[in-house]
Amino acid sequence: MTAAAPKLVEMRDVSIAFGGIKAVDGVSVDLDAGEVVALLGHNGAGKSTLIKILSGAYRADSGEIRVRGERADIASPRDAKRYGIETIYQTLALADNVDAAANVFLGRERTTRWGMLDDAAMEAETRKVMARLNPHFQRFAEPVRALSGGQRQSVAIARAIHFEARILIMDEPTAALGPAETRQVGELVVGLKSQGIGIFLISHDIHDVFDLADRVAVMKNGKLVGTARVRDVTKDEVLGMIILGKCPPGAVPGPGASAP
């Protein structure tokens with residue numbers, strides 16, 4: 001009998017406190033390859049803090065993180081990148097005045113043997129990675145300020161996966177996008193899943209979550225209310241988890257679930 005593949009990410013009993021207040025209190029979540037897990041909760045619920053621990057912005061006071069079955073020591077964003085973890089923030093952190101290739105290689109530029117920027121090589125590699133993500137993208141010569149929101153997301157994701165990211169943290173990826181651009185981001189997510197990339201998705205849009213995620217993990221007051229497969233719960237039930245901390249029958253309750 002073949003042993004099951006290890007989880008892409010396991011966060012176990014993770015806690016962190018600021019000024020004596022536990023922002024994250026004994027939270028356990030996991031992520032499989034090719035899966036999207038949406039992290040939900042009100043502002044201050046702890047979801048962003050939990051993700052900042054995984055991305056290396058904060059160091060947990062206690063608990064354990066495992067990546068592909070191996071214990072991971074993540075003390076900085078550089079450590080996170082070493083484990084194949086990349087964060088795509090809502091602001092995207094793109095340089096608006098330069099083109100897609102310059103953004104993909106920002107801070108990691110390719111040079112010729114004479115020490116000059118190798119623009120041709122960077123554009124060729126950007127075209128390859130973009131072909132995996134968004135085959136219709138052709139605006140390689142334009143500064144990214146001229147691109148649509150969905151195209152800008154493509155560039156930010158290309159930068160992450162070109163450098164071998166296997167775990168993506170996407171923060172409000174469809175915020176301020178129109179319907180067509182939102183569909184484009186959805187297509188990007190489907191493509192990433194097909195390549196075995198796991199995604200933690202932070203979103204306040206419940207419709208977004210049900211369109212993109214395989215599972216939801218809901219937090220309230222720093223604790224995990226519960227997790228559920230999207231197909232096993234309704235939007236109203238997920239809202240009940242967020243607002244009341246109430247776990248429906250289709251969810252697995254966590255320590256933060258309210259008494260039935």
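Student: Which residue is the bridge partner of V37 in β9?
Tutor: R215 is the bridge partner of V37 in β9. This is a predicted model, where local features need pLDDT of at least 70, side-chain atom pairs count only at pLDDT 80 or more, and totals for chains, interfaces and linings use all residues. Residues are numbered from 1 along each chain as its sequence is written, and side-chain values use heavy atoms, with hydrogens and water left out.

Student: In what sense do β3 and β9 pair, and over how many bridges?
Tutor: Parallel, over 4 bridges. Strand β3 covers residues 36-40 and strand β9 residues 215-220. Two strands pair if DSSP finds at least two bridges between them. Strands (E, at least two residues) and helices (H or I, at least four) are DSSP runs, numbered from the N terminus.

Student: Which helix packs on that sheet, touching β6 and β7?
Tutor: Helix α5, residues 149-162. Its direction makes about 155 degrees with that of β7. Contact means heavy atoms within 4.5 Å. Axes are lines fitted to C-alpha atoms, for helices over the stretch in contact, and angles run from 0 to 180 degrees between N-to-C directions.

Student: What's the strand order in the open sheet of 7 strands?
Tutor: β6-β7-β8-β3-β9-β10-β11, with mixed pairing. The edge strands are β6 (85-88) and β11 (251-253), and each pairs on one side only. From one strand to the next, the twist averages 20 degrees.

Student: And the open sheet of 4 strands, what order there?
Tutor: β2-β1-β4-β5, with antiparallel pairing. At the edges sit β2 (21-31) and β5 (70-71).

Student: Which helix packs on it?
Tutor: Helix α1, residues 47-55, touching β1, β2 and β4. The direction of α1 makes about 115 degrees with that of β1. α1 also lies across β3, β6, β7 (167-171), β8 (198-202) and β9, running at about 145 degrees to β8.

Student: How many bridges join β1 to β4?
Tutor: 5 bridges, between β1 (residues 9-18) and β4 (residues 62-67), which run antiparallel. R12 stands opposite E64 in β4. M11 has I65 as its bridge partner in β4.

Student: What about β1 and β2, how many bridges?
Tutor: 7, in the antiparallel sense. V9 stands opposite L31 in β2. β1 and β2 form a hairpin with 2 residues between them, and G19 in the turn has a positive phi of about 60 degrees.

Student: Back to α1. Is T49 buried or exposed?
Tutor: T49 lies in helix α1. T49 is buried, with a relative accessible area of 15%. Buried means under 20% relative accessible area, exposed over 50%, partly exposed in between (1.4 Å probe, protein chains only).

Student: What does T49 touch?
Tutor: I16, F18, A23, V24 and Y58, not counting residues up to four places away in sequence.

Student: New topic. How many aromatic pairs in the whole structure?
Tutor: 2. F137 and F140 form an edge-to-face pair, 5.0 Å centre to centre with 80 degrees between the planes. Rings of Phe, Tyr and Trp (its six-membered ring) pair if their centres lie within 6.5 Å; planes under 30 degrees apart count as stacked, over 60 as edge-to-face and the rest as tilted. F137 and F140 are buried.

Student: Whole chain now. What does the secondary structure come to?
Tutor: 8 helices and 11 strands. Of the 260 residues, 49% count as buried.
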